[in-house]
Amino acid sequence: MSDLKKEKKRVRKPGKLEKREARMGYLFVAPWLIGVVAFLLYPLGQSFRYMWYNIRITPVETKFIWYGTQNFSQIWLESAEFPQGLVTYIWKTIVEVPIIVVFALIIAMMLNGKIRLRGFFRLLFFLPVIIVSGPVMNMLVSEGAATIPAMNVQAIVSAFGRFLPDKAASSVGEIFSNMIMTLWYSGVQILIFLSALQKVDPALYEAAKIDGGSGWECFWKITLPTIKPMVLLNAIYTIIFMSSNEQNELINMIKNAMFSGTKEKGYGYASAMAWMYSIVVTLVVVLFFLLLGSKKDKYDRAVRRYRRQQKREARLQKKIQRRSKRNARKYASGVRRNKYKTYDGSGDY
Amino acid sequence: MSAGTSTKPTTAAGTIKSVLTKDKLRRFVFGTRERTGVGQQILVYGLLICIGFVYLYPILYMISTSLMSMEDLLDTSVKWIPGSVYLQNYRDAAKSMEFWKTFGKSIAISAVPTLCNVVICMMVGYGFAKYDFKGRKIMMGILIFSYILPSQVTMIPTYVLYNKMGIVGTLWSFILPAVFGHGLNAPIFILIFYQFFRQVPKVLMEAASIDGAGHLKTFFRIAVPSAIPAIITVVLFSFVWYWNEAYLTSLYVQGLSGDAFWTNLVIAVKDFDMSFNTKASVGDTATSLNESVRMAATALSIMPLFVMYLVLQRHFVESIDRSGITGE
C-alpha cells in the first residue's frame with residue numbers, strides 16, 4: 001500500500017537540459033502567446049464588458065452608459081430580426097452540415113475507386129474553394145446562376161409535404177433550390193475524405209473479402225470507422241465555414257448594428273449580439289462533437305473498468321485495515337481494562 | 001423454377017446453359033468481387049459527370065451571360081451561346097472596377113499578411129510539435145477554441161483598438177494580427193505545421209544538435225527545408241482566403257469610409273452596382289447596368305485566382321494530401 005503512495009508522490013524534477021528546451025519552446029510560441037492576449041483574451045473581455053453598456057461615440061469622447069440587461073431585452077423582445085435569424089441559422093446548419101459531409105464522402109468514395117480522369121474530377125470538385133467568397137456568391141445567386149432551372153423546386157416541396165410537416169418540407173425545398181451552393185461548400189471536405197480513404201490499409205479489405213464480406217459491409221465496418229475522425233473534422237470545418245461566411249445574415253446584422261447611427265444600437269448592442277451568436281455556434285459545434293466524437297473503444301473501456309475496480313478494491317482494503325487496526329486497539333484497551341474474560345483453564349468462567 | 005426442376009435431361013441442360021449466360025450478363029453488368037462491372041462503371045461515371053456539370057453550371061452560366069450583348073439578353077431564343085462574342089461588357093466592368101489598380105491592391109492585401117502568417121505559424125507549429133513545456137496542452141486547447149470562436153465576438157473591441165492606434169484603413173490592421181499568429185484562419189495553419197513537424201523524425205534534429213547546431217539553426221536548416229510541402233499548402237490557402245475575404249477586409253483595411261484607399265476585387269464586386277451607376281451617370285461607360293455587365297465583373301474578380309489555380313493545380317489538389325491533416 002505505502003509503496004503505491006510513494007510512487008505517486010515522487011515527481012521527477014526536470015533537468016537543466018529539459019528546462020532549456022522548455023524555454024526554447026516558449027520562445028517559439030511566444031508571438032502567438034502575445035497574440036492570444038492581445039487579439040483573443042483582451043477583446044473577449046472587452047466585448048463582455050461592452051455588452052452591458054450603451055456606447056455612444058461623439059467626436060469628443062466615447063460615452064459609456066450602464067444599460068444592464070437592456071441590450072438583451074432589446075435584441076430579443078423589440079425586434080424579431082435576430083431571434084428569427086438565429087433559429088434559421090441553427091436549423092440550416094443542422095440540416096445542411098450532414099448533407100454536405102455525406103455528399104463529400106460519397107464523391108470521395110467514387111473518386112477513390114479505379115477511375116480514369118481522377119485528376120480532372122479532383123480539379124473540378126476543388127475549384128469552388130478558390131472562387132467561393134461572399135460577394136461573388138451573392139452576385140451569382142442574385143443572377144440566378146445558383147439554381148438549375150430544370151429542377152422544379154415547387155414539385156419537390158409538395159412531394160415532401162405529403163409526409164413531412166410544413167416547416168421541414170419548405171426547408172427541404174430550400175436545400176434543393178440552393179443545391180449548387182451547398183455542393184460548392186464541399187470542396188475541401190471532398191479532398192480531406194479522399195486523402196483519408198487512400199490511407200486506409202488495403203490489407204483490411206482483402207482480409208474482409210476473404211472472409212466473405214460484401215462491399216456494403218466493408219464500408220460500414222472498415223471504411224467508416226477508419227475515417228470517423230475525418231467525419232468529425234469535416235463537420236466542424238463546415239460549421240465554422242458556414243458561420244463565418246458572408247452569406248450568413250447574422251454576421252452582417254452584427255456589423256450593421258455596430259455602425260448604425262441610432263441611439264440604442266452601437267458597439268454595446270452589437271457585442272451582445274456577437275456574444276449570443278458565438279455561444280450558439282459553440283453549442284452547435286459541441287452538439288456535432290457529441291454526435292460524432294470518438295467514443296472510447298471496447299478495449300479502452302475495459303481497461304478503465306479494470307482500473308476502477310482496482311481502485312475500489314484498494315479502498316476496501318484500506319478500510320478493512322483501518323477497521324482492523326481500530327478494532328485491535330479497542331480490543332487491546334479492553335483487555336487492559338479486563339473487559340473480556342478469557343478462559344484461562346481454571347474450570348469456571 | 002419449374003423448368004429447372006423438370007426431370008427431362010435435355011431441358012435441364014438447356015436451362016443450365018441459359019442460367020450460365022444470364023449469370024455472365026449479371027457479372028458483366030454488376031461486377032464481381034474482383035472487378036467492377038460495366039453497369040457500375042457507367043453509374044459512377046454518369047453520377048460524376050452529372051455532379052461535375054452541376055458544379056460547373058454557375059461558372060458556365062456566368063461566362064456565357066457575360067459575353068452577351070443587349071440584343072442577346074432580350075432575345076429569348078438565345079439561351080446559352082451568345083450571337084457574337086461581345087467584349088464591351090468586360091471593358092465597361094473593368095473600367096468601373098478600375099481593374100488594374102484594384103488588382104494590384106488585392107495582391108498586396110493578400111500577399112503581405114500571407115507572408116507573415118506563414119512565417120509565424122511555422123514557428124509556432126514547430127514550437128508546439130518539437131518542444132515539451134508546461135501548459136502546452138492548455139495552449140493547444142486555446143488554439144482550437146480560437147478557431148471555433150466566431151471572429152464577430154472579438155471584432156468590435158479589436159476595431160476600437162485599431163481605431164485608437166490609428167491603423168484602421170491601412171494594411172497594418174491585417175499585418176499586425178498576422179505577426180502575432182492571429183491572422184485569418186491562423187489556427188488551421190498552425191495545426192497543419194504542427195502535424196507536419198511531428199512527422200519529421202526527431203533523430204534528424206538530434207543529429208543536428210550533436211553536430212553543434214543551436215535551436216534556431218536546427219529550425220532554419222532542417223525543419224524549414226523539410227516542411228516545404230506544408231509551406232506551399234499554407235501559402236496557397238492563406239493567399240486564397242485573404243483574397244476572398246470581404247467582411248473583415250472592408251471592416252479593417254478599407255475602414256468603411258467612403259473614399260478608402262484600400263480595396264480588393266471582391267469588395268469591388270460587392271459595391272459594383274453603386275460604383276457602376278455613378279460611373280454611368282457621368283457617361284464613362286457605354287451600356288447601362290445589366291446582368292451581362294454584372295457577370296462580367298464577377299468573372300473579372302474570379303479570373304486572377306482562376307488562372308493561378310490552373311497554373312498551380314497540382315499543388316492545390318495535392319495540398320491536403322501532403323499537409324498531413326489526415327494522419328499517416
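**Entry 1: helix 5 of chain B.** I began with B:Trp100 and B:Phe103, which both lie in helix 5 (residues 99–130) of chain B, 3 residues apart or about one turn of the helix. I kept in mind that this is a predicted model. An α-helix has 3.6 residues a turn, so residues three or four places apart point the same way. The rings of B:Trp100 and B:Phe103 form an edge-to-face aromatic pair, with 5.8 Å centre to centre and 90° between the planes. Are these two residues buried or exposed? B:Trp100 counts as exposed because its relative accessibility is 66%. B:Phe103, with a relative accessible area of 21%, is partly exposed.

Entry 2: B:Glu98 is not a glycine, yet it has a positive phi of about 50°. Its relative accessibility is 41%, so I noted it as partly exposed.

**Entry 3: aromatic pairs between chains.** How many aromatic pairs does the structure hold over all chains? I found 42. One of them is A:Phe259 with B:Tyr159, an edge-to-face pair at 5.2 Å centre to centre and 85° between the planes. A:Phe259 belongs to helix 14 (residues 249–259) of chain A and B:Tyr159 to helix 7 (residues 152–165) of chain B, so this pair joins two chains. A:Phe259 is partly exposed at 33% relative accessibility, while B:Tyr159 is buried at 6%.

I also followed a cluster linked by ring pairs: A:Phe28, B:Tyr126, B:Tyr131, B:Phe193, B:Phe197, B:Phe219 and B:Phe220. A charge turned up over a ring as well: the charged end of A:Lys255 sits over the ring of B:Tyr247, 4.5 Å from the ring centre.

**Entry 4: two helices of chain B.** I checked the span of helix 12 (residues 228–244) of chain B, which has 17 residues. From first C-alpha to last, helix 12 reaches 24 Å, close to the 24 Å expected at 1.5 Å a residue. Helix 12 of chain B is largely enclosed by the rest of the structure, because 13 of its 17 residues are buried.

Next came helix 16 (residues 291–311) of chain B, with 21 residues and a reach of 29 Å from first C-alpha to last, close to the expected 30 Å. Where does helix 16 of chain B bend? The bend, about 40°, is at B:Met303, and a proline, B:Pro304, follows within four residues. Helix 16 of chain B is mostly covered, with 15 of its 21 residues buried.

**Entry 5: empty space.** Rolling a probe the size of a water molecule over the atoms shows where empty space is left. I counted 3 cavities of 30 Å³ or more in the structure. The largest cavity holds about 1,000 Å³ of space. Which residues lie nearest its centre? Of the 49 lining residues, these are B:Ser151, B:Leu184, B:Asn185, B:Glu245 and B:Leu248.

**Entry 6: back to B:Asn185.** I followed up on B:Asn185, in the loop between helix 8 (172–179) and helix 9 (186–199) of chain B. B:Asn185 has a positive phi of about 60°, although it is not a glycine. With 25% relative accessibility, B:Asn185 counts as partly exposed.

Definitions and conventions. Residues are numbered from 1 along each chain as its sequence is written. Chains are lettered from A and ligands numbered from 1 in the order in which they are written. This is a predicted model: local features need pLDDT of at least 70, side-chain atom pairs count only at pLDDT 80 or more; totals for chains, interfaces and linings use all residues. Side-chain values use heavy atoms; hydrogens and water are left out. Rings of Phe, Tyr and Trp (its six-membered ring) pair if their centres lie within 6.5 Å; planes under 30 degrees apart count as stacked, over 60 as edge-to-face and the rest as tilted. Buried means under 20% relative accessible area, exposed over 50%, partly exposed in between (1.4 Å probe, protein chains only). A charge sits over a ring if NZ of Lys or CZ of Arg is within 6 Å of the ring centre and within 35 degrees of the ring normal. The expected span of a helix is 1.5 Å times one less than its number of residues. The bend at a residue is the angle between axes fitted to the seven residues ending there and the seven starting there. On a 1 Å grid over the protein atoms alone, a cavity is a set of points where a 1.4 Å probe fits but cannot get out, and a pocket is an open set with protein on both sides within 12 Å along at least five of seven lines; lining residues have an atom within 4 Å of a point. Grid points are joined across faces, edges and corners, and a volume is the space filled by probe spheres set on the points.
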